[in-house]
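Take a look at the structure below before reading on. The paragraphs that follow go through its parts one after another.

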Amino acid sequence: MSATKPQLGSTVQMFTQLLSSTRRGALLARPLAAEQLRAWPMSPGVTERAEQIVGELAANAALHGRVDSRDFRLTLTLDTTAGLLRIAVTDARGERLPSPPADCGTPPEAESGRGLLLVTALADRWGVEPYPPGGKTVWAECVYEGSGPDTHSGRT
């Protein structure tokens, strides 16, 4: 008779909120996410990074992904077994894909255009995927180790 190793069930928690594709909706995304993130078991460093990522992705959805009378969706998914926080923002403009930061050519004196550079610096990885029938989801992931120190880029 062979013994089977007990499997720990994956603990996945999710937060989803529809927000208006307006400046106000984008501004509201960050404090809503912050409240949820603080309720989850992760380090303050990961929470701070995630708040900034939410702010940038929400601003992009309201500015570049806006379609009149269509909301954008913010989804936070915490997988405590995998030690992964996924931030996803879905908008209605699937034909307007974000450019990789190296390709955007933002001049140093420009007042905007650095959002995805920040996302690249703060997230462990990010990307974009289609959201049929005509939208897209821009996502970012942060690896974390419970409520201990933040290990991203050597931060503690």
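**A helix across a sheet**

Helix α2, residues 44-64, lies across the strands β2 (72-79), β3 and β5, and runs at about 10° to β3. The model is a predicted one. With 21 residues, α2 reaches 30 Å from its first C-alpha to its last, close to the 30 Å expected at 1.5 Å a residue.

An α-helix has 3.6 residues a turn, so residues three or four places apart point the same way.

Along the sequence, the elements follow the pattern β-α-α-β-β-α-β-β.

Next comes the sheet. The five strands form an open sheet in the order β1-β2-β3-β5-β4, with antiparallel pairing. Its edge strands are β1 (12-19) and β4 (125-131), each of which pairs on one side only. On average, neighbouring strands of the sheet are turned by 15° against each other, direction ignored. Strands of a sheet pair through backbone hydrogen bonds, either parallel or antiparallel.

Which strands does β3 pair with? On one side of the account is β2, which pairs with β3 in the antiparallel sense over seven bridges. β2 and β3 form a hairpin with four residues between them. In the turn, glycine 83 has a positive phi of about 65°. Aspartate 79 stands opposite leucine 84 in β3.

The other partner is β5 (residues 135-143), which is joined to β3 (residues 84-91) by eight bridges and runs antiparallel to it. Threonine 90 has threonine 137 in β5 as its bridge partner, and alanine 88 stands opposite tryptophan 139 in β5. Seven of the eight residues of β3 are buried, so this strand is largely enclosed by the rest of the structure.

Some totals describe the chain as a whole. Of its 156 residues, 38% are buried. Among contacts with a separation of 6 or more, 68% are between residues 24 or more positions apart. The protein chain exposes about 9200 Å², and carbon and sulfur atoms supply 54% of this area.

Terms used: Residues numbered from 1 in each chain as written. Predicted model: local features only at pLDDT ≥ 70, side-chain atom pairs only at ≥ 80, totals over all residues. Heavy atoms only, no water. Pairing = 2+ DSSP bridges. Helix = DSSP H or I, 4+ residues; strand = E, 2+ residues; numbered from the N terminus. Axes fitted to C-alpha atoms, helices over the stretch in contact; angles between N-to-C directions. Contact = heavy atoms within 4.5 Å. Expected span 1.5 Å × (residues − 1). Buried < 20%, exposed > 50% of the residue type's maximum accessible area, 1.4 Å probe, protein only. Areas by Shrake-Rupley, 256 points an atom, 1.4 Å probe, with all protein chains shown as cover.
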